[in-house]
Amino acid sequence: MTDRLVSSYPDVHRAFDALEPAEKTRVATRIVLWAVDEVGGDSNEVAELLSCGGRARLETICAQMEEQYFYLLERDDDGSFDWFCKARAYSASVFLARDELDDAVYESIFATDKPFQVSDFL
């Protein structure tokens, strides 16, 4: 799925791809935690789960947020978009936990719709 960042945000991809591997991980982590904060999530919890190998818990949280999004969407609730963004931000954390950094960055942008702020991290 790494093609999503390349095709949607080529400038961000180029700058991100130019980083050294360890720096890419640090930058992707900062971007993901920022995205979680931007959508009203708990970046401290995400940081803790990332540091202790809590990928399964992150996957569970992401799935719960997606379920809430679909529940509200089916009811034509205005709050569904907020849950969609939260689900995408937590999806970014799952990609980060899997070391799929391009997808983590893409999902962070998709969650926040702020590619210019993401490029500021680079």
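Leaving aside neighbours within four places in sequence, which residues is serine 80 in contact with? They are Tyr69, Leu72 and Leu73, where contact means heavy atoms within 4.5 Å. Serine 80 sits in helix H6, which covers residues 80-97. With a relative accessible area of 9%, serine 80 is buried. Here buried means under 20% relative accessible area, exposed means over 50%, and partly exposed lies in between, using a 1.4 Å probe and protein chains only.

Before going on, a word about the model. It is predicted, so local features need pLDDT of at least 70, side-chain atom pairs count only at pLDDT 80 or more, and totals for chains, interfaces and linings use all residues. Residues are numbered from 1 along each chain as its sequence is written, and side-chain values use heavy atoms, leaving out hydrogens and water.

## The whole chain

Let's step back to the overall fold. The chain has eight helices and zero strands, giving the pattern α-α-α-α-α-α-α-α along the sequence. Helices (H or I, at least four residues) and strands (E, at least two) are DSSP runs, numbered from the N terminus.

The radius of gyration of the chain is 14 Å, which agrees with the value near 14 Å for a compact globule of 122 residues. That radius is taken over C-alpha atoms, and the globule rule is 2.2 Å times the number of residues to the power 0.38. Along the principal axes, the C-alpha atoms fill a box of roughly 45 × 30 × 20 Å.

Of the 122 residues, 43% count as buried. Among contacts with a separation of 6 or more, 64% come from residues 24 or more positions apart. The chain exposes about 6700 Å², with carbon and sulfur atoms supplying 48% of it; these areas come from the Shrake-Rupley method with a 1.4 Å probe.

As for charge, there are 12 positive and 25 negative side chains, and the centres of the two sets lie 3 Å apart. Lys and Arg count as positive and Asp and Glu as negative, while His and the chain ends are not counted.

## Cysteines without a bond

A search of the whole structure finds zero disulfides, a disulfide being a pair of cysteine sulfur atoms within 2.5 Å. The sulfur of cysteine 52 is 17 Å from the closest cysteine sulfur, in cysteine 62, which is too far for a bond. Cysteine 62 is in no disulfide either, and its nearest cysteine sulfur, that of cysteine 85, is 13 Å away. Cysteine 52 counts as exposed at 52% relative accessibility, whereas cysteine 62 counts as buried at 7%.

## A residue in helix H4

Glutamate 45 belongs to helix H4, residues 43-51. At 27% relative accessibility, glutamate 45 counts as partly exposed. Not counting residues up to four places away in sequence, glutamate 45 touches Arg57, Ile61 and Tyr90. Leucine 5 is 40 residues from glutamate 45 along the chain, and their C-alpha atoms are separated by 26 Å.

Most residues other than glycine have a negative phi. The two aspartates below have positive values.

Terms used: Charge placed at Lys NZ, Arg CZ, Asp CG, Glu CD.
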